[in-house]
Amino acid sequence: MRATLKITVWLLGGWCMGAVTSCGWLTTPTKSTIWLNDREALKKAEDAALQLCKKIRGDSPASLPPHKFTTDGCSMWPDGSWQQCCVEHDMPYWCGGSAEARKTADRHLRECVAQKASWLMGVLMYVGVRSGGMPWWPTPWRWWYGWDWPHGYEQLPPKEIWVESSETDIP
């Protein structure tokens, strides 16, 4: 009985991993789900994300994500007065990079949300993105989401990755 259970669990686990891996291309979002009627705001966000990524990775087409920048605001979370924080957080997540760059992006989100909402809201969002945004998750909100899944962390030379919201003028 125990051997049968082990084999069943092993086969089911293998099938699930195969299904997830074969559907990896589904994990790259292809369109933004906010600002659908405000093309100007969406274009500003796309341009800001591209400039940030060029600052981090360089101008070479091979060093930039193959998929255009998209945002859904605060993935799996209400878009309150802190939506801009989430869009700014999506920019480095789209571009990708090192584990340290991801940690910096997540800290920035926590601080931004804490300023716009509350300390508790910032901490809750931080815990959510730290656990749910890992690059090996086949989700559209993962680190490196501008690239095809799977994609791990990368070591990049340390650079400042933040474009202040006053520079980007994102609504």
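Among contacts in the protein chain between residues at least 6 apart in sequence, what percentage join residues at least 24 apart? The figure is 67%, where contact means heavy atoms within 4.5 Å.

Before you start clicking: this is a predicted model, in which local features need pLDDT of at least 70 and side-chain atom pairs count only at pLDDT 80 or more, while totals for chains, interfaces and linings use all residues. Residues are numbered from 1 along each chain as its sequence is written, and side-chain values use heavy atoms, with hydrogens and water left out.

**Stop 1: the whole chain**

Show the protein chain as a cartoon. Helices here are DSSP runs of H or I with at least four residues, strands are E runs of at least two, and numbering goes from the N terminus. Of the chain's 171 residues, 41% count as buried. Buried means under 20% relative accessible area, exposed over 50%, and partly exposed in between, using a 1.4 Å probe and protein chains only.

**Stop 2: the core**

Now select Trp35, Phe69, Trp82, Met91, Trp94, Leu109 and Met125. Within the largest nonpolar core, which has 32 residues, these touch the most other members. A nonpolar core is a set of buried Ala, Val, Leu, Ile, Met, Phe, Trp, Tyr and Cys residues joined through side-chain atoms within 4.5 Å. Helices H2 (39-57), H3 (83-95), H4 (99-116) and H5 (119-132) each give two or more residues to this core. H2 supplies the largest share, eight residues.

Zoom in on Phe69. Leaving out residues up to four places away in sequence, Phe69 touches a list that includes Ser32, Ala45, Glu46, Met91, Trp94 and Tyr145.

Next, pick Glu46, which sits in helix H2. Glu46 is buried, with a relative accessible area of 19%. Setting aside neighbours within four places in sequence, Glu46 is in contact with Lys68 and Phe69.

**Stop 3: H2 against H3**

Colour H2 and H3 separately. How far apart are their axes? They are 9 Å apart, and the helices pack at an angle of about 45°; axes are lines fitted to C-alpha atoms, for helices over the stretch in contact, and angles run from 0 to 180 degrees between N-to-C directions. The two helices are therefore oblique to each other, since under 35 degrees counts as roughly parallel, over 145 as roughly antiparallel, 65 to 115 as roughly perpendicular and the rest as oblique.

To see the contact, show side chains including Ala45, Leu52 and Arg57 of H2, and Val87, Met91 and Trp94 of H3.

**Stop 4: the loop between H5 and H6**

Move on to Trp149, in the loop between H5 and helix H6 (165-168). Trp149 counts as buried at 13% relative accessibility. Select Thr27 too: the C-alpha atoms of Trp149 and Thr27 are separated by 6.8 Å, though these residues are 122 apart along the chain. A cis peptide bond joins Trp149 to Pro150, with omega about 0°.

Trp144 lies in the loop between H5 and H6 as well. Trp144 has a positive phi of about 80° although it is not a glycine. Most residues other than glycine have a negative phi, and most peptide bonds are trans. Trp144 is buried, with a relative accessible area of 0%.

**Stop 5: Met76**

Finally, click Met76 in the loop between H2 and H3. Met76 has a positive phi of about 60° although it is not a glycine. Is Met76 buried or exposed? Met76 is exposed, at 68% relative accessible area.
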